[in-house]
Amino acid sequence: MEFIDTHAHLYVNQFEADRNEMIKRAKDNNITKVLLPNIDKDSAENLLELYFSDTTFFAPMMGIHPCSINENYKTQLKEIEPYFLRQKMASVGEIGLDYYWDKTKIKEQKAAFRHQINWAKDMNLPIAVHCRDAFDDVLSILDEEQNGNLKGVLHCFTGNVEQAKHLIDLGFYMGIGGVVTYKNSGLDKTLADIDVKHLILETDAPYLSPTPYRGKRNESAYLIYIAEKLAEVKGIEIEELAEKTTKNAVELFSL
């Protein structure tokens, strides 16, 4: 039984004290690969340093998180783009829209999102999309940018059935994380009718820890709790879930 954590920020400071032990726990819990989404220019070197420490276990992404986008986004994009020449990336990510924290940079976020989508189309890479309080705009942009070659995942999917079906129509996967284990999230009901062939697993470590670790630092080893819950929701054995979601991740990210 093998799992892929398709979204984890294991290079951040929260893991400074016990990173090696944390990685060992992940491997001991059948995690065979972890994808590392970038945040911004300041995180890129740390991400690549971790990737190069174990290139068989990690896979790098590159992009700018919407919460890092500011009025100088054109300069920010120019700083990030050269990384794609330095190293083959598994995805353009983490990119998207976030209206939860700051609604004053919506115009800049949309422009940066589209720009990075075009990187992905030019390089034939998938995108890892962050979406918070911005579902309509994210789907609208994906609709407009879909040229038949755009592919990716809506990371940390927490939407409804209609939004799930919209993503499926776009050819996108949904990244399922700790929220599915939360008692009143409703995500279990949404996913009841969604085929596993559209789903991949993720932790978003160090954020969004699953039950029973909710409120504490998340890590890749906790993917097992997400998998157990999703297998229960889908009414299948965890081994089948592992096989199918791992296959999905391998195909999407060309792992």
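Are H6 and H7 roughly parallel or roughly perpendicular to each other? Before answering, I note the ground rules. This is a predicted model, where local features need pLDDT of at least 70, side-chain atom pairs count only at pLDDT 80 or more, and totals for chains, interfaces and linings use all residues. Residues are numbered from 1 along each chain as its sequence is written, and side-chain values use heavy atoms, with hydrogens and water left out.

**Entry 1: two helices**

I looked up how packed helices are described: by the angle between their axes and the distance between the axes. Helix H6 covers residues 135–145 and helix H7 covers residues 161–170; they pack at about 15°, with axes 11 Å apart. The helices (H or I, at least four residues) and strands (E, at least two) are DSSP runs, numbered from the N terminus. Axes are lines fitted to C-alpha atoms, for helices over the stretch in contact, and angles run from 0 to 180 degrees between N-to-C directions. So H6 and H7 are roughly parallel (angles under 35 degrees; over 145 is roughly antiparallel, 65 to 115 roughly perpendicular, the rest oblique).

H6 passes H7 in a left-handed crossing (the near helix is turned anticlockwise from the far one by less than a right angle). Then I checked who touches whom, with contact meaning heavy atoms within 4.5 Å. Phe 135, Leu 139, Leu 142 and Asp 143 of H6 meet Gln 163, His 166, Leu 167 and Leu 170 of H7. By class, I get 5 nonpolar, 2 polar and 1 charged residues in this contact.

**Entry 2: strand S3**

Next I went to strand S3, residues 58–62. I found 5 of its 5 residues buried, so S3 is largely enclosed by the rest of the structure. Buried means under 20% relative accessible area, exposed over 50%, and partly exposed in between (1.4 Å probe, protein chains only). In a regular strand the side chains alternate between the two faces of the sheet. Here both faces are covered: Phe 58, Pro 60 and Met 62 are buried on one side, Ala 59 and Met 61 on the other.

Which strands pair with S3? Strands pair if DSSP finds at least two bridges between them. Strand S2 (residues 31–36) runs parallel to S3 and is joined to it by 3 bridges, with Leu 35 opposite Ala 59. Strand S4 (residues 91–98) is also parallel to S3, joined by 2 bridges, and Val 92 in S4 is the bridge partner of Met 62.

**Entry 3: the loop between S8 and H9**

Leu 208 lies in the loop between strand S8 (199–201) and helix H9 (223–234). I read its relative accessible area as 31%, so Leu 208 is partly exposed. Leaving out residues up to four places away in sequence, Leu 208 touches Cys 156, Gly 178, Val 179, Tyr 182, Thr 203 and Asn 218.

Most residues other than glycine have a negative phi, and most peptide bonds are trans. I looked for exceptions. A cis peptide bond joins Ala 205 and Pro 206, with omega about 10°, and another joins Thr 211 and Pro 212, with omega about 15°.

Asn 30 has a positive phi, near 70°; I find Asn 30 in the loop between helix H1 (19–28) and S2. Asp 133 has a positive phi too, near 55°, and sits in the loop between strand S5 (127–132) and H6. Asn 30 is partly exposed at 33% relative accessibility, whereas Asp 133 is exposed at 53%.

Note on methods. Ala, Val, Leu, Ile, Met, Phe, Trp, Tyr, Cys and Pro count as nonpolar, Asp, Glu, Lys and Arg as charged, and the others, Gly among them, as polar.
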